[in-house]
Amino acid sequence: MFHAKLQSMENVEIAERLSEVADLLEIQEANPFRVRAYRNAVRTIEGLTRSLAEMVEEGEDLTELSGIGEDISGYITEMVETGEFQLLRDLHDEVPPTVADLLDLEGIGPKKAKKLWEELDIETVDDLEDALDGGRVVELEGFGQKTAEKLRQAIEDFREHRERFRLGDADRWVEPLLEYMGEAPGVEELDVAGSYRRRKETVGDIDLLVACDDAGPVMEHFTSYDLVERVIEAGETRGSVVLRPGLQVDLRILPGESYGAALQYFTGSLEHNVKLRKRALDDGLRVSEYGVFEIPEGVDPDEMEPGEGERVAGETEEGVYEALGLVWMPPELREDRGEIEAAGEDELPDLVELSDIRGDLQMHSTWSDGKNTIETMARACQERGYEYMAITDHSRRVSVAGGLDEDELEEQWKEIDGFEGDLDIEILRSLEVDILKDGSLDLDDEHLEKLDLVLVSVHSYMDLDGAEQTERIVTAVSHPAVHVLAHPTGRRINERQPYDLDVEAVLEAAREHDVAVELNANPERLDLSDRHVFRARELGVPVVISTDAHSTDNLRYMEYGVAQARRGWLEPDDVLNTRSLSELKKWLDRE
DNA sequence: GCCGTTTTCGGCCCGACTGTTTTCAGTCG
């Protein structure tokens with residue numbers, strides 16, 4: 001059984017406080033490596049699938065987590081046990097906490113924030129706006145008219161658009177942009193790098209790379225794109241614009257001989273690159289976006305000019321990794337989650353691909369809230385080359401979506417019987433059965449037994465406290481008829497937080513009861529997250545990648561689900577719907 | 001502040017652009 005936990009403090013709160021320490025220390029001009037140490041710890045915590053509070057309660061040694069040493073381990077324990085964080089309190093006595101908010105403005109770093117605060121008594125974004133209106137900012141040393149104008153824009157952006165773009169939304173702007181940039185004069189290579197290439201669930205901006213000999217006309221072409229709202233900067237090799245929906249695009253133009261190194265560098269992640277470069281330095285190599293260079297004997301790498309030293313790689317990404325003694329790795333893995341070590345041992349996972357997917361196991365029809373009939377959905381699935389599919393309309397309780405009761409479900413089966421013979425795809429009788437408040441299911445046992453596939457999920461009482469919500473879902477997963485837990489955390493990216501839920505306990509329960517967890521491929525959900533998918537794989541819990549399509553068009557979401565699965569290191573065998581129909585049926589029958 | 005089969009001390013990734021600095025600091029990615 002799982003333990004109801006006394007979670008005095010969530011990981012996210014601990015991470016936020018440590019992050020605030022980093023900001024405040026930076027404003028105080030503390031040792032930059034000390035600042036980075038706090039940020040590294042924050043990153044580690046954000047990636048955890050387990051609760052720190054629980055780890056503290058169970059007496060685990062937090063210093064075994066990377067980036068967390070004696071000091072920060074002590075601070076975490078202090079926060080968990082007392083709810084207090086004395087270091088942060090002390091810092092607040094020295095720097096008002098709101099001064100750190102200024103760092104969120106584009107163009108304001110720690111030095112400028114400090115100066116604004118110390119010399120003009122500016123503590124908040126509102127203060128800064130007043131000071132700009134009063135003409136006081138331009139009089140500061142290091143600030144001028146241009147800076148003042150940029151700060152006004154930064155304040156506007158800060159208030160208007162603070163969120164990252166969901167990958168699916170970014171795609172709508174990136175695809176036409178790529179088409180347009182492909183028409184620029186002399187373009188030899190063109191790619192999007194950055195988190196977009198890593199297929200991260202959200203992207204902050206778009207990093208565009210171009211290889212060509214003459215940069216000028218390409219930059220000109222870029223800044224004259226129809227959808228550009230404003231140009232932030234346009235240098236010889238680097239430019240930045242904001243597109244009308246508020247999406248920033250950075251363009252980098254390079255010669256072909258450096259293109260692979262640039263693609264590697266700008267794909268990131270930052271953490272991946274830091275580790276890679278450190279590893280290179282140990283081997284006497286220096287990596288930059290221009291290539292991999294040998295550091296000459298007796299030369300201090302810090303004294304080297306950009307591009308100095310003998311170039312040993314740079315034209316291709318494969319070559320860059322090879323020069324560092326590594327095999328090329330898929331962008332989705334480049335998060336410094338062990339991929340560099342795995343590449344060094346040639347033990348990278350053989351990641352699942354879209355072409356491995358043999359069926360889609362969650363979709364809706366006009367029987368509940370879908371836009372298309374079952375037959376239309378089935379034909380669309382068949383066109384995608386699937387062997388099987390599941391029709392998973394809502395159950396009765398989800399009345400706003402027109403959920404089905406037992407009688408309607410039987411009617412639905414008759415409809416499927418009517419045309420199934422004309423199609424070359426297996427239609428699994430299924431239902432997205434609502435999990436009721438107490439963890440029981442919204443369909444009687446007789447009908448649950450008759451279903452080929454039982455999907456369960458939460459659509460109500462999303463704000464239960466963690467212990468109750470966890471127990472509810474664990475109860476549902478424990479029902480012997482259940483096969484798949486759908487959209488397990490209920491989050492909607494940029495819109496709704498996940499339920500307060502002990503995901504680890506749910507995954508453990510899924511393993512115990514031979515239940516698979518869904519990776520909902522809808523780009524607004526992508527639920528589970530890459531971290532939790534990774535954890536499911538570690539625990540040996542099968543993952544189902546499903547689109548939750550409400551129309552034939554939504555079936556294309558499978559691509560996003562597969563990308564997220566790859567970010568979670570899934571191989572084809574980890575994914576239930578890569579199996580053949582007969583293998584899938586065996587699993588469903590628990591043979 | 002963290003970390004270590006080259007180190008328990010001395011490192012910690014690297015380069016472009018902008019503005020106001022007359023030689024480079026600050027910010028960003």
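A salt bridge is a side-chain nitrogen of Lys or Arg within 4 Å of a carboxyl oxygen of Asp or Glu. Lys 275 forms one with Asp 336, with the closest N and O atoms 3.0 Å apart. This pair links distant parts of the chain, 61 residues apart. Lys 275 lies in helix H13 (residues 270–282), and Asp 336 in the loop between helix H14 (317–323) and helix H15 (339–344). Helices (H or I, at least four residues) and strands (E, at least two) are DSSP runs, numbered from the N terminus.

The model is predicted: local features need pLDDT of at least 70, side-chain atom pairs count only at pLDDT 80 or more, and totals for chains, interfaces and linings use all residues. Residues are numbered from 1 along each chain as its sequence is written, chains are lettered from A and ligands numbered from 1 in the order in which they are written, and side-chain values use heavy atoms, with hydrogens and water left out.

The salt bridge count comes to 47. Relative accessible area sets the exposure classes: buried is under 20%, exposed is over 50%, and partly exposed is in between (1.4 Å probe, protein chains only). Lys 275 is partly exposed, because its relative accessible area is 29%. A second bridge joins the side chains of Glu 229 and Arg 230, at 3.9 Å from N to O. Glu 229 has 46% relative accessibility, so it counts as partly exposed. Arg 230, at 21%, is also partly exposed.

A further salt bridge is formed by Arg 535 and Glu 504, at 2.6 Å from N to O. Again the pair links distant parts of the chain: Arg 535 belongs to helix H21 (residues 530–539) and Glu 504 to helix H20 (residues 503–512), 31 residues apart. Arg 535 is buried, with a relative accessible area of 19%. Glu 504 is buried at 10%. Shared partners also join salt bridges into one network, made of Arg 166, Asp 169, Arg 172, Arg 492 and Glu 524.

A residue is near a strand if one of its heavy atoms lies within 4 Å of it. There are 50 residues around DNA strand B, of which Gly 67, Gly 107, Gly 144, Arg 277 and Arg 286 come nearest. Sugar and phosphate make up 78% of the atoms of DNA strand B that come within 4 Å of the protein.

Phosphate oxygens of DNA strand B lie beside several residues. For Lys 112, a polar backbone atom is 2.7 Å from such an oxygen. For Thr 147, a polar side-chain atom lies 3.1 Å away. For Thr 237, a backbone N or O atom is at 3.0 Å. Elements giving two or more residues to this surface include helix H4 (70–82), helix H6 (110–120), helix H8 (145–160), strand E5 (228–234) and H13. Helix H2 (32–46) is also among them, and H2 gives the most, with 5 residues.

One open sheet has 5 strands in the order E2-E4-E7-E6-E5, with mixed pairing. Two strands pair if DSSP finds at least two bridges between them. The edge strands, strand E2 (189–192) and E5, each pair on one side only. E2 pairs with strand E4 (residues 205–211) in the antiparallel sense, over 4 bridges. There, Glu 189 has Ala 211 in E4 as its bridge partner.

Terms used:
A polar contact is a pair of N or O atoms within 3.5 Å; within protein, one must be able to donate a hydrogen and the other to accept it, and residues adjacent in sequence count only if both atoms are side-chain atoms.
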